[in-house]
Every structure is written in C-alpha cells, then in structure tokens.
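Here's a quick tour of one protein chain, with the sequence and the 3D structure side by side. Keep both in view as you read.

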Amino acid sequence: MSSPPTLPVSGSQSNTGAASSQSQPPIATPAFRAFISRVSSSLRQGFSQRRPWSELFDRSSMSRPDTLAEAYSRIRKNFTYFRVNYLTLIVFALAVSLITHPFSLLVLLGLLASWSFLYLFRPSDQPLVLFGRTFADRETLGILVVLTVFVIFLTSVGSLLISALMVGLAIVCAHGAFRIPEDLFLDDQEPTSSGFLSFLGGAAASAAGPAVARV
C-alpha cells in the first residue's frame with residue numbers, strides 16, 4: 001500500500017505569516033488613543049479655567065493707556081488673568097485663516113497625517129516600506145523633517161500661519177492695553193502655567209514616547 005501524499009505545510013505557514021503581517025494596523029492604536037485621551041483631558045481642564053467672555057469684553061472697563069509703560073503693565077496683568085481666553089482667540093484666528101485657505105489646510109493635515117502614520121504612532125516592529133524599499137527610522141525622520149521645513153518655510157503655508165498668528169497677537173495686545181486690570185483678582189493666579197498650557201508639554205511627551213523608543 002502506498003503512503004498518502006505529504007501536504008505542503010511551509011506554503012501555508014508563509015501565507016499565514018504574510019497575512020498576519022498585512023493585518024497589522026498601520027498605526028499603534030494604544031499609543032494613539034493615549035495621546036488623544038491626554039490631549040482631550042488637558043483641553044477640557046484648560047477650558048474649565050477660562051474667564052467669562054462677558055468679563056473679557058466689558059466695555060465699562062476699557063480706557064486708553066496714558067503711557068507705553070502703563071500699556072505694557074496692563075498687557076502683562078491681563079494676559080495672566082485671561083491667558084486661556086487669549087490663547088483661544090489666537091487659535092480662532094489661525095482656524096479662520098486656514099478655513100479660508102483650504103489648500104493650506106489640506107497641506108497641513110497631510111503633513112500631520114504623515115508624521116502620525118509614518119513615524120510617531122507607527123508600530124516599532126513594522127518597518128516602513130515605500131515603492132518596494134525599506135526605510136530605517138532615522139531615514140524616515142530625516143525625510144519628514146525636510147518635508148516639514150519645505151512646507152512651513154518654502155511655501156505659502158508658512159506665511160499664512162505667521163500672518164494669522166500676528167493678527168491674533170495684535171488683537172490680544174490691543175485688548176490687553178485697553179482693558180483696565182484693577183477689578184481683576186490677580187492674587188489667586190499661579191506663577192506657573194497650568195491647564196490649557198500644560199497639554200502642550202504633556203501631549204508632546206506622549207507623542208515622543210514611541211519616537212524616542214525607536215531612535
């Protein structure tokens with residue numbers, strides 16, 4: 001009696017391995033979720049510390065400063081008290097500028113997606129393969145840095161962001177110079193930034209964790 005034919009096992013194993021490698025997500029989901037959770041919680045905590053907008057735009061507390069020194073002193077005190085509201089106005093100016101220029105908005109979103117999917121939140125055990133070539137982590141980082149410098153400084157996106165930022169700062173400085181800070185409770189202000197400002201460092205640290213592990 002002849003023995004039964006041997007089934008090819010190596011081919012099925014290789015197919016299974018290829019399928020499992022292709023089924024891996026292109027982004028590290030736990031790290032991405034932790035980053036989003038950290039940013040959202042910090043934003044909620046920061047916005048809870050904002051001052052009432054009616055207090056910010058109180059017309060009875062507006063007057064022209066007599067000297068530049070008085071204007072500078074008002075700006076410092078008002079920024080300490082209304083820092084969350086002022087940052088919200090600057091972000092609003094940036095958002096309006098980008099919405100009215102959809103091409104720049106799409107370019108920035110594409111740049112952010114490139115950093116997220118290709119480097120920051122990409123699984124460390126999954127190499128980047130483009131056009132049949134495998135890129136090391138340092139090569140990917142270098143390409144993204146060059147691409148970021150090109151987009152920000154060598155295109156109209158950079159000038160758009162700078163102009164919108166200057167408009168937001170001009171609005172903040174004008175309001176801070178004309179708003180009388182004598183009726184504000186400045187004694188309860190903490191010398192260090194917290195809340196809305198703390199998410200910058202915390203979110204950056206959360207995003208830099210997977211990147212530092214690669215380098």
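## How two helices meet

This is a predicted model, so let's begin with a pair of helices in it. Helix H4 (residues 68-81) packs against H8 at an angle of about 105 degrees, and their axes are 7 Å apart. Angles of 65 to 115 degrees count as roughly perpendicular, so H4 is roughly perpendicular to H8.

**Who touches whom**

- On the H4 side, the contact is made by Ala71, Arg74, Ile75 and Asn78.
- On the H8 side, the residues involved are Cys173, His175, Gly176, Ala177 and Phe178.
- Sort the residues of this H4 and H8 contact by type and you get 5 nonpolar, 3 polar and 1 charged.

- Arg179 sits in the loop between helix H8 (156-178) and helix H9 (198-214).
- Is Arg179 buried or exposed? Arg179 counts as buried because its relative accessibility is 0%, and the cut-off for buried is under 20%.
- The side chain of Arg179 has a polar atom that lies 3.0 Å from the backbone oxygen of Glu55.

**The nonpolar cores**

- The largest nonpolar core has 11 residues: Leu98, Leu108, Leu111, Trp115, Tyr119, Leu120, Phe121, Leu144, Val151, Val157 and Leu160.
- Three helices each supply at least two residues of this core: H6 (102-120), H7 (137-153) and H8.
- Which helix gives the largest share of this core? That's H6, with 5 residues.
- Apart from this core lies another one, of 6 residues, including Leu56, Tyr81, Phe82 and Ile90.
- Now zoom in on Val157, a member of the largest core. Leaving out residues up to four places away in sequence, Val157 touches Ser104, Val107, Leu108, Val151 and Ile152.

**The whole chain**

- How many helices and strands does the chain have? The secondary structure comes to 9 helices and 2 strands.
- Reading from the N terminus, the elements go α-α-α-α-α-α-β-β-α-α-α.
- The chain has 215 residues, and 29% of them are buried.
- Take the contacts between residues at least 6 apart in sequence: 85% of these join residues at least 24 apart.

Notes. Residues numbered from 1 in each chain as written. Predicted model: local features only at pLDDT ≥ 70, side-chain atom pairs only at ≥ 80, totals over all residues. Heavy atoms only, no water. Helix = DSSP H or I, 4+ residues; strand = E, 2+ residues; numbered from the N terminus. Buried < 20%, exposed > 50% of the residue type's maximum accessible area, 1.4 Å probe, protein only. Polar contact = N/O pair within 3.5 Å; in protein donor to acceptor, adjacent residues only side chain to side chain. Axes fitted to C-alpha atoms, helices over the stretch in contact; angles between N-to-C directions. Parallel < 35°, antiparallel > 145°, perpendicular 65-115°, else oblique. Contact = heavy atoms within 4.5 Å. Nonpolar A, V, L, I, M, F, W, Y, C, P; charged D, E, K, R; others polar. Core = buried A, V, L, I, M, F, W, Y, C linked by side-chain atoms within 4.5 Å.
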